[in-house]
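Have a look at the sequence and the model first.

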Amino acid sequence: MGAGEALLRAHLRVLAGAEVPGVQLSTTTENRAALGLYHKLGFAVTARRVTPLWVPWLGHPAEHLCLTRRLQPADLAL
């Protein structure tokens with residue numbers, strides 16, 4: 001329905017307006033919907049490793065990804 005994308009775009013606009021230079025977020029390789037959105041909005045994977053962190057939710061270790069994105073004045077128009 002696009003709610004996640006609208007919320008993330010709004011958040012990025014606010015951060016860009018506050019002159020925050022960049023953002024970082026994390027998820028797993030199993031969260032394909034989120035990864036699609038993050039890539040669509042310009043995030044790039046900057047670190048990855050298999051970790052037991054997600055065992056309580058997934059029931060098994062998962063590949064944890066760190067994604068980052070620089071913010072620029074043009075992001076105010078997101």
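The notes below go from the overall layout to the sheet, then to a helix pair and a salt bridge.

## Ground rules

This is a predicted model, where local features need pLDDT of at least 70 and side-chain atom pairs count only at pLDDT 80 or more, while totals for chains, interfaces and linings use all residues. Residues are numbered from 1 along each chain as its sequence is written, and side-chain values use heavy atoms, with hydrogens and water left out.

## Overall layout

The chain has 3 helices and 3 strands. Here, helices (H or I, at least four residues) and strands (E, at least two) are DSSP runs, numbered from the N terminus. Along the principal axes, the C-alpha atoms fill a box of roughly 40 × 30 × 15 Å.

## The sheet

In what order do the 3 strands of the open sheet sit? The order is β1-β3-β2, with antiparallel pairing; two strands pair if DSSP finds at least two bridges between them. β1 (22-28) and β2 (44-51) are at the edges with a single partner strand each, so one side of each has no neighbour in the sheet. From one strand to the next, the twist averages 20°.

β3 (residues 62-70) is joined to β1 by 7 bridges, and the two run antiparallel. On that side, Gln24 stands opposite Thr68 in β3, and Val23 has Arg69 as its bridge partner. β2 and β3 also pair in the antiparallel sense, over 7 bridges. There, Arg48 has Leu65 of β3 as its bridge partner.

## Two helices that cross

Two packed helices are described by the angle between their axes and the distance between the axes. For α1 (residues 3-17) and α2 (residues 32-40), the axes come within 11 Å and cross at roughly 40°. Axes are lines fitted to C-alpha atoms, for helices over the stretch in contact, and angles run from 0 to 180 degrees between N-to-C directions. α1 and α2 are therefore oblique to each other (angles under 35 degrees count as roughly parallel, over 145 as roughly antiparallel, 65 to 115 as roughly perpendicular and the rest as oblique).

Who makes the contact between α1 and α2 (heavy atoms within 4.5 Å)? Gly4, Glu5, Leu8 and Arg9 come from α1, and Leu37, Tyr38 and Lys40 from α2.

The structure holds 4 salt bridges, each a side-chain nitrogen of Lys or Arg within 4 Å of a carboxyl oxygen of Asp or Glu. One of them links the side chains of Glu5 and Arg9 (2.9 Å, N to O). Both residues, Glu5 and Arg9, lie in helix α1, 4 residues apart, about one turn of the helix.

Definitions and conventions:
Contact = heavy atoms within 4.5 Å.
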